[in-house]
Amino acid sequence: MSTFADDTAILSRHTHINAAIRNLQNHLLSVEEWSHRWRLRINEGKSKHVTFTLRKGNIPQLHFNQHPLPQAETVKYLGIHFDRRLNWKYHITQTQNHLNHKTRGLYWILGKHSPLSLRNKTLIYKAILRPVWTYGIELWGCASSSNIQILQRYQSKLLRLITQAPWYVANHVLHRDLHVARIRGIFQARNVTHHTALAGHPKALMRPLLAPPPPRRLKRTWTFDALN
């Protein structure tokens, strides 16, 4: 069980889907008993059941308070969208939509008619827009190059908007002159910092996260269930 403020996620992992569902259902029964004992009302309609796997087929139904829990392909937890296949494409797409919305609101201060200097425009991007997509990059930064390029293209277009550079100026020149790192570079730097922090973390439960990943991103031989 993972909790943060009023957000709770119950996780169950097993090589067989029925065993993962059975473990999860048993824990849900314990949560029901606890909530009834303390007279807490939990809205099962706002909960989601997601199965993280590459397998195809029907997923057994979970129940809470005698109500079936809705199954979903994606779930948002602590600001990060987890999709069923864990390829992070949905999270990256949602992040791009959020960035486009915020960019339209800042166009008057970043566009060609803005009186701000190039340095101040770059600072606005680094302080307001870049934190939107760097959030959680330690997790989604392992996405495929095609998905990473979605955000990289956004950053390149924004730098071109800020500088009003002509078409023949290469993107790598804009990044170099404005001292803006590419997405892969930021991921590598944040990844090193994250691993260093985990290595010296006082809680022993955090250290197994440093274990090397399996040969494949997500094996077809195991299933990871989660209820949020």
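First, a term: two strands pair if DSSP finds at least two bridges between them. Strands themselves are DSSP runs of E, at least two residues, and helices are runs of H or I, at least four, all numbered from the N terminus.

Some ground rules. The model is predicted, with local features needing pLDDT of at least 70 and side-chain atom pairs counting only at pLDDT 80 or more, while totals for chains, interfaces and linings use all residues. Residues are numbered from 1 along each chain as its sequence is written, and side-chain values use heavy atoms, with hydrogens and water left out.

Now the start of the chain. Strand 1 (residues 2–4) and strand 2 (residues 7–14) run antiparallel, joined by three bridges. Thr3 stands opposite Thr8 in strand 2. The two strands form a hairpin with two residues between them. In that turn, Ala5 has a positive phi of about 55 degrees.

Next, the interior. A nonpolar core here is a set of buried Ala, Val, Leu, Ile, Met, Phe, Trp, Tyr and Cys residues joined through side-chain atoms within 4.5 Å. Buried means under 20% relative accessible area, exposed over 50%, partly exposed in between (1.4 Å probe, protein chains only). The largest core has 37 residues. Phe82, Tyr125, Trp133, Trp140 and Leu158 touch the most other members. Helix 5 (residues 145–163) gives the largest share, eight residues. A second, separate core has 10 residues, among them Val31, Ile59, Leu62 and Phe64.

Which helix holds Gln155? Gln155 is in helix 5. Gln155 counts as buried because its relative accessible area is 0%. Contact means heavy atoms within 4.5 Å. Leaving out residues up to four places away in sequence, Gln155 touches Tyr125, Arg130, Trp133, His175, Val180, Ala181, Arg182 and Ile183. With that same exclusion, the contacts of Trp133 include Thr95, Leu99, Trp140 and Ile186.

On to helix 6 (residues 171–178). Its buried residues are Val173, Leu174, His175 and Leu178. Helix 3 (118–134) and helix 5 are among what covers them. His179 follows helix 6, with a positive phi near 55 degrees.

Last, the surface. Phe4, Leu78 and Tyr135 make a nonpolar patch of about 310 Å². Like charges are joined within 9 Å, nonpolar side chains (Val, Leu, Ile, Met, Phe, Trp, Tyr) within 5 Å. Areas come from the Shrake-Rupley method with a 1.4 Å probe; for residues, only the protein chains shown count as cover. Leu78 sits in the loop between strand 6 (74–77) and strand 7 (80–83).

Notes:
Patch = residues over 30% accessible without salt bridge, like charges linked within 9 Å, V, L, I, M, F, W, Y side chains within 5 Å. Salt bridge = Lys/Arg side-chain N within 4 Å of Asp/Glu carboxyl O.
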